[in-house]
Amino acid sequence: YLTWDVRGDEDFFPYATTAHQYWTGYYTSRPQLKGDIRKNAALLRMTEILYSLSSQRIPFDKSVAYNRIEMLRRAVGVAQHHDAVTGTETRHVAKDYEAMLKQGNESASLVVEELLGKMLSRGKPSFPALTLNSSVLSSLKVGQSVAAVLFNSLGWPR
């Protein structure tokens with residue numbers, strides 16, 4: 001009969017490389033970075049889907065869009081390195097991951113705004129893309145309306 005000790009409130013998976021040097025916090029360290037990695041991976045998936053759907057339907061500079069998406073693709077790929085996902089990287093490396101994700105996010109967001117704007121306008125004058133931080137929403141008056149697109153790139157509800 002085999003039993004295991006229960007470890008109370010301690011961190012899971014402490015690992016010692018040498019005496020008095022432990023690696024802990026795999027699941028609890030750098031939660032902001034871990035969240036950013038997940039959000040940017042979702043943005044990358046959505047952007048690639050929009051790019052694929054739009055490539056034969058609307059005119060846009062595919063080379064420019066591809067290069068903008070590639071920035072996020074590379075940033076997400078690097079940020080999914082085992083040190084970033086576990087949170088065991090040094091602080092300056094974490095800042096580097098954050099900066100790459102921010103640049104990639106801004107770059108891919110330009111593609112999303114362009115493609116959604118062109119898809120929704122159907123040749124009519126374009127309208128500004130709305131984001132969560134958009135000042136357009138706060139300037140709406142009672143009775144005014146705005147079009148919104150909700151998109152879930154996953155195969156299940158979030």
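Q: At what angle do helix 2 and helix 4 pack?
A: In this predicted model, helix 2 covers residues 62-79 and packs with helix 4, the two axes lying 8 Å apart. The crossing of helix 2 and helix 4 is left-handed. The angle at which the two helices pack is about 150°.

Q: How many nonpolar residues are in the contact of helix 2 with helix 4?
A: On the side of helix 2, the residues that meet helix 4 include A65, I69, L72 and V76, while those on the side of helix 4 include Y97, M100, L101 and V111. Among the residues in this contact are also R68 of helix 2 and E114 of helix 4. Sorted by class, the contact has four polar and two charged residues, and the number of nonpolar residues is 14.

Q: Which residue meets R30 in a salt bridge, and how many residues apart in sequence are the parts that the pair ties together?
A: The side chain of R30 forms a salt bridge with that of E89, at 3.1 Å from N to O. R30 lies in the loop between strand 2 (21-23) and helix 1 (31-54), whereas E89 lies in the loop between helix 3 (82-86) and helix 4 (91-121), so the pair ties together parts of the chain that are 59 residues apart in sequence.

Q: What separates E106 and K102 along helix 4?
A: The side chains of E106 and K102 meet in a salt bridge, at 2.8 Å from N to O. E106 is partly exposed at 42% relative accessibility, whereas K102, at 53%, counts as exposed. Because the two residues are four residues apart in helix 4, the separation between them is about one helical turn.

Q: Which residues do salt bridges that share partners join into one network?
A: A search of the whole structure finds seven salt bridges. Where salt bridges share partners, they join into one network the residues E48, E70, R73 and R74.

Q: How far apart are the closest N and O atoms of E98 and R91?
A: E98 counts as partly exposed at 27% relative accessibility, and R91 counts as partly exposed at 41%. These two residues form a salt bridge, in which the distance between the closest N and O atoms is 3.7 Å.

Notes
Residues numbered from 1 in each chain as written. Predicted model: local features only at pLDDT ≥ 70, side-chain atom pairs only at ≥ 80, totals over all residues. Heavy atoms only, no water. Salt bridge = Lys/Arg side-chain N within 4 Å of Asp/Glu carboxyl O. Buried < 20%, exposed > 50% of the residue type's maximum accessible area, 1.4 Å probe, protein only. Axes fitted to C-alpha atoms, helices over the stretch in contact; angles between N-to-C directions. Left-handed = near helix turned anticlockwise from the far one by under 90°. Contact = heavy atoms within 4.5 Å. Nonpolar A, V, L, I, M, F, W, Y, C, P; charged D, E, K, R; others polar.
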